[in-house]
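Hi,

Here is the structure I promised to pass on to you.

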Amino acid sequence: METALRPLVPAPSALLTALPALLAATLALLATPNIARADLQVVATLPDLAAIAREIGGEHVTVTALAPPSQDPHYVDPRPNLILPLNRADLLVVNGLELEVGWLPPLQVAARNGRIQTGGEGYFDASAVVRRLGVPQSKVDRAMGDIHPGGNPHFLLDPRAARQIAAALANRMVKLDPSNSAAYRANASAFDEALATFARAQQARFAALSAEQRRVVAYHASLVYLFDWLGLIEAETVEPRPGIAPTPAHVARVLSLMKQQGIRVVVQEAYYPQKTSQTLTRLVGGRVVVLPGGTPDGKRYLQHLQGIADALHAALTQ
Amino acid sequence: MRRLSLIAIAPLALAAALPASAAVPAEPPAEAPAEPPAAPPAADAPPPIELTREELEALEAGLNADAAARPPVDDTPPAPHAHGGPVGNSNPDISLILDTALAVFDGPPRQTGAHDPQATGFALQQLEMHIAANADPYFRLEANLVFAEFGVEVEEAYGTTLAMPADLQLRAGQFLTRFGRINASHPHAWSFVDQPLVNGKFFGGEGSRGLGAELSWLAALPWYVELVGSATHASGACCARSFFGADDLGIESPGDLLYTAALKQFFALSNEWSLAWGLSSQHGPNASGNGNRSEIYGTDLFIHYRPAGNADRACVSLQVEALYRTRQVPGGRLEDFGGYGQLVWTIDPNWELGARYEYVAGIDDDPLDPDWGDDRQRTTLQATFYPSHFSRLRLQGSRAAGDETTWAGMLALELLIGAHGAHSF
């Protein structure tokens with residue numbers, strides 16, 4: 001070590017700064033065991049995207065999710081440790097439609113990884129392959145709230161969108177790692193079938209409910225794809241405009257609407273505040289359905305959606 | 001009826017499938033799915049052959065009539081958005097940030113930041129225009145143009161490499177050096193209306209900044225370790241005042257440049273706790289002649305706590321920076337130090353509270369700061385209200401004590417429009 005250091009010395013002060021790092025590097029190299037490398041290193045921004053990537057990649061990929069299910073995907077802390085998996089990634093899977101615009105770009109640049117830069121072969125934007133809802137038909141102004149100019153980005157709660165993503169993602173994995181193409185294709189086709197069966201079964205289950213029962217209030221305008229899939233009707237949102245905190249006047253309007261139309265269910269993700277929703281449902285004798293913010297660790301994507309469908313169905317038929 | 005509905009959804013399905021087929025030329029989805037949105041790529045869509053020409057014409061007439069009756073945009077399939085739509089055009093991200101303040105001082109204001117309110121009355125702290133985009137797969141360009149009352153300043157304009165080998169990254173142009181934590185950030189990202197006193201005293205009103213190049217390396221370690229080194233011009237009263245400062249003595253050898261080195265480490269202690277620790281140093285010539293040199297050393301610590309599952313996005317952060325400076329001057333050596341510590345509590349998306357304590361030592365007859373013979377302390381409290389993510393109103397009170405004591409009150413408004421890039425942690 002000493003002999004290796006001597007010719008490197010640039011200036012005593014710079015060395016002083018660099019010394020802890022060199023020490024740390026030496027220690028770490030000694031301490032870290034050789035981690036078996038999967039064929040494809042995949043990083044997904046959101047837990048649902050990670051779960052979908054795992055279904056397709058199976059044992060041939062290592063998948064890391066950047067955002068935990070507990071954090072609102074609009075506001076994820078861009079902690080520098082997230083740069084490390086990005087630095088090693090062969091494939092970065094993003095939701096797109098500016099959902100991650102508040103935290104992902106600096107991490108992507110700091111990753112120093114040309115493969116996963118926007119437009120690169122290792123950059124996969126899921127929003128480019130799904131049918132979009134909520135595409136603004138007029139000029140978007142921030143006074144309208146947090147409107148995504150390309151359309152509503154919360155499509156991961158719809159298994160039909162997941163089918164589209166899975167099919168395209170499988171093709172991308174095949175392109176990046178042709179040696180495992182048979183496995184990727186087989187996994188994708190099995191996953192597609194499971195998603196299709198599940199999607200149809202749940203549609204039929206919810207279609208059996210009356211139109212009255214299918215009316216719900218959402219907290220944030222993030223559930224339009226879920227409602228579209230299950231045939232639910234979003235009567236109102238608790239937020240007056242996307243991303244703007246509920247105001248008393250608006251909440252009063254929502255309450256009278258719920259009473260008028262007999263709506264008993266408010267649906268929201270766990271990462272949004274729940275007090276207003278609880279108050280509303282208490283006043284109408286209903287229930288808040290709190291959805292996990294993404295596929296929890298250790299669960300599979302379909303289990304996650306099944307849980308959501310069951311919770312919704314139970315609340316709507318109570 | 002069934003055929004009709006198939007026709008009606010065809011344009012939608014086609015548009016939805018287009019990007020998929022563009023990104024994935026090889027393979028159609030495994031099986032033609034039952035739901036309309038999951039239709040196979042356009043190329044493989046079977047033409048609706050059962051329809052006669054008359055039927056098609058009748059349909060078209062009907063559709064046209066409907067289109068005339070409604071605003072035409074309603075029928076537009078998302079084709080224009082196939083490549084990201086309005087967000088996906090090739091314009092760079094452009095944003096404009098206005099920082100304006102009302103300040104009251106009850107004694108001589110001894111602020112050191114160029115963007116600080118400097119006197120009792122209204123102040124235009126800055127109007128910052130941020131423009132950024134990738135130039136190509138290899139470079140990204142970022143520019144911060146600051147409009148003040150009396151002109152425009154290129155605060156930063158630099159290129160960053162995106163795909164250099166060996167985990168290296170190069171920045172070149174005019175940039176804020178990465179000394180410590182707060183120096184490389186902009187007023188928009190600060191937790192207080194004004195800049196820490198020590199930054200203004202050691203680096204200059206605009207912080208440590210200059211024309212030059214920077215090379216950084218991300219170490220392949222289990223935790224985040226980054227080594228940064230840059231060479232920049234040592235001149236400028238605004239941004240290298242401990243070095244050549246206002247006297248630009250030119251560059252005759254590599255020793256006439258200002259060198260900055262930094263080591264950044266980050267430890268994700270848990271899902272909730274984060275710790276960042278940095279060491280920085282600067283070395284360069286100063287203007288006192290005889291090849292005299294100045295050096296600045298600093299360390300910075302940042303501890304962040306964000307409870308998981310808190311729907312209000314509450315968090316608490318502690319940030320501390322300490323700096324030591326030594327300058328060779330005719331007949332000796334001047335040494336001084338300073339620092340600050342700040343605690344910021346984000347209560348929810350709308351409210352934030354902060355407290356900051358600063359200490360900066362003085363030197364009698366310092367040629368650079370002849371009036372700064374006293375040791376100064378400043379204590380600041382702030383409360384901030386964010387009506388939305390794009391506006392904030394900050395009320396701040398401070399007491400600065402040294403030979404004289406000055407109370408200051410500030411009310412600052414910030415507004416942001418346009419597409420502004422995300423901030424680093």
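Predicted model: local features only at pLDDT ≥ 70, side-chain atom pairs only at ≥ 80, totals over all residues.

If you want a place to start looking, strand 1 (residues 40-44) of chain A pairs with strand 2 of chain A in the parallel sense over five bridges, and A:Val43 stands opposite A:Thr64 in strand 2 of chain A.

There is another open sheet in chain A, with four strands in the order 6-5-7-8 and parallel pairing. Its edge strands are strand 6 (233-237) and strand 8 (287-291) of chain A, each of which pairs on one side only. Here neighbouring strands are turned by 35° against each other on average, direction ignored. Helix 9 (residues 248-261) of chain A packs on this sheet and touches strand 5 (215-218) and strand 6 of chain A, its direction making about 150° with that of strand 6 of chain A. Helix 11 (residues 301-316) of chain A also packs on the sheet, touching strand 7 and strand 8 of chain A, and its direction makes about 175° with that of strand 8 of chain A. Strand 7 (residues 265-269) of chain A runs parallel to strand 8 of chain A and is joined to it by five bridges; in this pair A:Glu269 stands opposite A:Leu291.

Now for the domains. Chain A is divided into domain 1 (40-134 + 141-199) and domain 2 (209-316), and their C-alpha centres lie 25 Å apart. The contact takes 28 residues from domain 1 of chain A and 24 residues from domain 2 of chain A. On the domain 1 side, the elements that give two or more residues are helix 3, helix 6 (159-176) and helix 7 (181-207) of chain A, and the largest share, five residues, comes from helix 3 of chain A. That side divides into 16 nonpolar, six polar and six charged residues.

Helix 3 of chain A also meets helix 7 of chain A: their axes come within 7 Å and cross at roughly 125°, which makes helix 3 of chain A oblique to helix 7 of chain A. The residues involved are A:Glu55, A:Ile56 and A:Gly57 in helix 3 of chain A, and A:Tyr184, A:Asn187, A:Ala188 and A:Phe191 in helix 7 of chain A. They divide into four nonpolar, two polar and one charged.

A:His154 sits in the loop between strand 4 (123-125) and helix 6 of chain A. Leaving out residues up to four places away in sequence, A:His154 touches A:Ser222, A:Leu223 and A:Tyr225.

Best wishes

Technical notes
Residues numbered from 1 in each chain as written. Chains lettered and ligands numbered in written order. Pairing = 2+ DSSP bridges. Axes fitted to C-alpha atoms, helices over the stretch in contact; angles between N-to-C directions. Contact = placed C-beta atoms within 7 Å. Domains from an automatic or database assignment. Nonpolar A, V, L, I, M, F, W, Y, C, P; charged D, E, K, R; others polar. Parallel < 35°, antiparallel > 145°, perpendicular 65-115°, else oblique.
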